[in-house]
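Please consult the sequence and the coordinates shown here alongside the text.

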Amino acid sequence: NLTTTRSSTSAIRCHFYLTLGNMKALILVGGYGTRLRPLTLSRPKPLVEFANKPIVLHQIEALVAAGVTQVVLAVSYHAEQMEQELAQEAQKLGIRITFSLEEEPLGTAGPIKLAQSILASNDEPFFVLNSDVICDFPFTQMVKFHKQHGREGTIVVTKVEEPSKYGVVIYDETGKIDRFVEKPQEFVSNKINAGMYIFNPSVLKRIEVW
């Protein structure tokens with residue numbers, strides 16, 4: 001079954017399949033993938049293959065292994081192609097994939113707010129991922145750590161040799177984030193935002209979309 005709801009800035013399409021749990025994730029897949037051209041001229045970056053499999057499918061399979069049963073894909077570029085190819089994967093994996101369409105750019109937090117009705121449908125924390133992250137996904141460890149510290153959000157950081165190219169995360173000895181520094185020209189830290197997050201639904205109240 002396919003259902004569609006629309007507002008002035010969005011369209012949400014859902015493919016429904018049997019689910020057994022309550023964990024959710026949102027993957028930000030709306031970018032144009034300009035750095036991967038010409039591969040992304042006719043194909044969205046998340047569908048570009050890495051190790052014989054679309055990048056986003058590596059992420060979805062790892063999320064399913066960690067207990068996620070519903071994934072929201074915040075789409076824009078080549079949205080219909082994303083929907084056609086991943087609807088079949090949803091059926092194979094036995095999960096629910098929802099396609100949330102940005103009809104105008106909403107930045108990073110905007111797509112999260114746009115999917116509020118889904119992400120806040122229960123009290124469980126939810127994952128947020130950048131679409132180009134490939135690693136040994138630490139999703140199980142993230143959930144454990146997040147629930148232990150009891151705060152609203154958790155961000156994974158990673159160490160790099162050249163932090164001036166990235167968004168650097170400054171945090172204290174307890175792990176509490178003090179601030180972010182985008183592409184610092186002077187050294188402040190070599191820990192950068194790895195593009196993997198977990199949030200409590202309460203954080204959605206803090207996001208405003210203009």
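With which residue does Lys-147 form a salt bridge? The partner is Glu-124, and the closest N and O atoms of the pair are 3.9 Å apart. The model is a predicted one, and it holds four salt bridges.

**Salt bridge Lys-147 to Glu-124**

- The N to O separation of 3.9 Å counts as a salt bridge because the cut-off is 4 Å.
- Lys-147 belongs to helix H5, which covers residues 139-149, whereas Glu-124 sits in the loop between helix H4 (116-119) and strand E6 (126-130).
- The pair therefore ties together parts that are 23 residues apart in sequence.
- Glu-124 has a relative accessible area of 28% and is partly exposed.

**Salt bridge Glu-152 to Arg-206**

- The side chains of Glu-152 and Arg-206 form a salt bridge with an N to O distance of 2.8 Å.
- Glu-152 is located in the loop between H5 and strand E7 (153-159), and Arg-206 in the segment after strand E10 (191-199), so parts that are 54 residues apart in sequence are tied together by this pair.
- Glu-152 is partly exposed, at 23% relative accessibility.
- Arg-206, by contrast, counts as exposed, because its relative accessibility is 62% and the exposed class begins over 50%.

**Salt bridge Lys-53 to Glu-61**

- Lys-53 and Glu-61 meet through their side chains in a salt bridge, at 2.8 Å from N to O.
- Lys-53 is partly exposed, with 23% relative accessibility.
- Glu-61 is likewise partly exposed, with a value of 29%.

**Second largest pocket: extent and lining**

- The second largest pocket holds about 670 Å³ of space.
- Its lining comprises 28 residues, and those nearest the centre are Gly-153, Thr-154, Ile-155, Ile-177 and Phe-199.
- Two or more lining residues come from each of helix H3 (109-114), E6, H5, E7, strand E8 (167-171), strand E9 (177-182) and E10.
- E7 makes the greatest contribution to the lining of this pocket, with five residues.

- Of the lining residues, 18 are nonpolar, seven are polar and three are charged.

Terms used. Residues are numbered from 1 along each chain as its sequence is written. This is a predicted model: local features need pLDDT of at least 70, side-chain atom pairs count only at pLDDT 80 or more; totals for chains, interfaces and linings use all residues. Side-chain values use heavy atoms; hydrogens and water are left out. Buried means under 20% relative accessible area, exposed over 50%, partly exposed in between (1.4 Å probe, protein chains only). Helices (H or I, at least four residues) and strands (E, at least two) are DSSP runs, numbered from the N terminus. On a 1 Å grid over the protein atoms alone, a cavity is a set of points where a 1.4 Å probe fits but cannot get out, and a pocket is an open set with protein on both sides within 12 Å along at least five of seven lines; lining residues have an atom within 4 Å of a point. Grid points are joined across faces, edges and corners, and a volume is the space filled by probe spheres set on the points. Ala, Val, Leu, Ile, Met, Phe, Trp, Tyr, Cys and Pro count as nonpolar, Asp, Glu, Lys and Arg as charged, and the others, Gly among them, as polar.
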